[in-house]
Amino acid sequence: MERENRTVVTEFILLGLTQSRHAQLLVFVLVLVFYLIILPGNFLIILTIRSDPGLTAPLYFFLGNLAFLDASYSFIVAPRMLVDFLSEKKIISYRGCITQLFFLHFLGAGEMFLLVVMAFDRYIAICHPLHYSTVMNPRVCYALLLALWLGGFTHSIVQAALILRLPFCGPNQLDNFFCDVPQVIKLACIDTFVVELLMVSNSGLLTLLCFLGLLASYAVILCRVKGHSSEGKNKALSTCTTHIIIVFLMFGPAIFIYTHPFRVFPADKVVSLFHTVIFPLMNPVIYTLRNQEVKASMKKLLSRHMVC
């Protein structure tokens, strides 16, 4: 009888990033400007790599896919967040919420695995240069790309399944500006201790292990670089430094968000903002600014179209 009297939740109310109208307006302007400047830059990176026959190496193939993943990832949260800033009531349906968190983890895990693949690519290129063209041939690159998409899909399915099994009967206020597993789990009508542990093992532990593995792999690469010539050493150091910056930007916030169940910290929303909106748009740009070949090709592409 008690179960029959429960109201099934069909929508969630997003409390947003902040309740201050002035702060909301400031964040709205900053995110909109950032979004309109950086997002076209990501598409320009993809166009540059696709149009230049000289950028066919696996490094650029994966960089183009990183730009695509990050651009797609930014569409999941940022546009709705900007619209919600202008709305009095921030409501998302139950299905919309599940869909949002599914794609959030699908693309997020895909990018995480892509960074692992890019580390493997750099390891082969720097530590085993004579075998690089044999190991990283086009067939292997496409197989690795397929594997990371399947890995992201599997991870996301597990995350969505954790939520779909839970009953929601009120309250329905999500203390965030988007739907994600940690906040949604806390609204369930049952004890979620086991579910939160599963969430930590599926997201938090996986993220932490990938992060530590990446740091170890780049440590090995940097140790091997010491014996290279001055020019080769500088190029390898520049590439590895860029990768390490991206690893920290990607994994730092993710580890913070998904490895502390049961508790809510004041910094959660700010970290989530950088993790879902700011850093994904910046990652390919950071790679490009430190890559002379891509920058030169981009300048040629822009000058050619400007002349036309």
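Author: Let's take the cavities and then the packed helices. This is a predicted model, where local features need pLDDT of at least 70 and side-chain atom pairs count only at pLDDT 80 or more, while totals for chains, interfaces and linings use all residues. Residues are numbered from 1 along each chain as its sequence is written, and side-chain values use heavy atoms, with hydrogens and water left out.

Reader: Which residues lie nearest the centre of the largest cavity?

Author: Lining residues have an atom within 4 Å of a point. The largest cavity has 14 of them, and His105, Gly108, Ala109, Thr207 and Tyr258 lie nearest its centre. Helices are DSSP runs (H or I, at least four residues), numbered from the N terminus. H4 (94-127), H8 (193-225) and H9 (230-258) each supply at least two lining residues, with the largest share, 5 residues, coming from H4.

Reader: What classes of residue are in that lining?

Author: Ala, Val, Leu, Ile, Met, Phe, Trp, Tyr, Cys and Pro count as nonpolar, Asp, Glu, Lys and Arg as charged, and the others, Gly among them, as polar. The lining of the largest cavity splits into 8 nonpolar, 6 polar and no charged residues. For the second largest cavity, with a volume of about 60 Å³, the lining has 4 nonpolar, 3 polar and 2 charged residues. Among them are Asp84 and Lys90, and helix H3 (residues 58-85) gives the most, with 3 residues.

Reader: Now the helices. At what angle do H2 and H10 pack?

Author: Two packed helices are described by the angle between their axes and the distance between the axes. Axes are lines fitted to C-alpha atoms over the stretch in contact, and angles run from 0 to 180 degrees between N-to-C directions. Helix H2 (residues 21-51) and helix H10 (residues 268-289) pack at about 40 degrees, their axes 9 Å apart. That makes H2 oblique to H10. Angles under 35 degrees count as roughly parallel, over 145 as roughly antiparallel, 65 to 115 as roughly perpendicular and the rest as oblique.

Reader: And which residues make the contact?

Author: Contact means heavy atoms within 4.5 Å. On H2 they include Phe34, Tyr35 and Ile38, and on H10 they include Leu273, Pro280 and Met282. The residues of this contact divide into 14 nonpolar, 2 polar and no charged.

Reader: How about H2 and H3: at what angle do they pack?

Author: H2 and H3 pack at about 155 degrees, with axes 9 Å apart. They are therefore roughly antiparallel to each other. Their contact has 21 nonpolar, 4 polar and 2 charged residues.

Terms used: 1 Å grid on protein atoms, 1.4 Å probe; cavity = no way out; pocket = protein on both sides within 12 Å on 5 of 7 lines; lining within 4 Å. Points joined across faces, edges and corners; volume = space filled by probe spheres on them.
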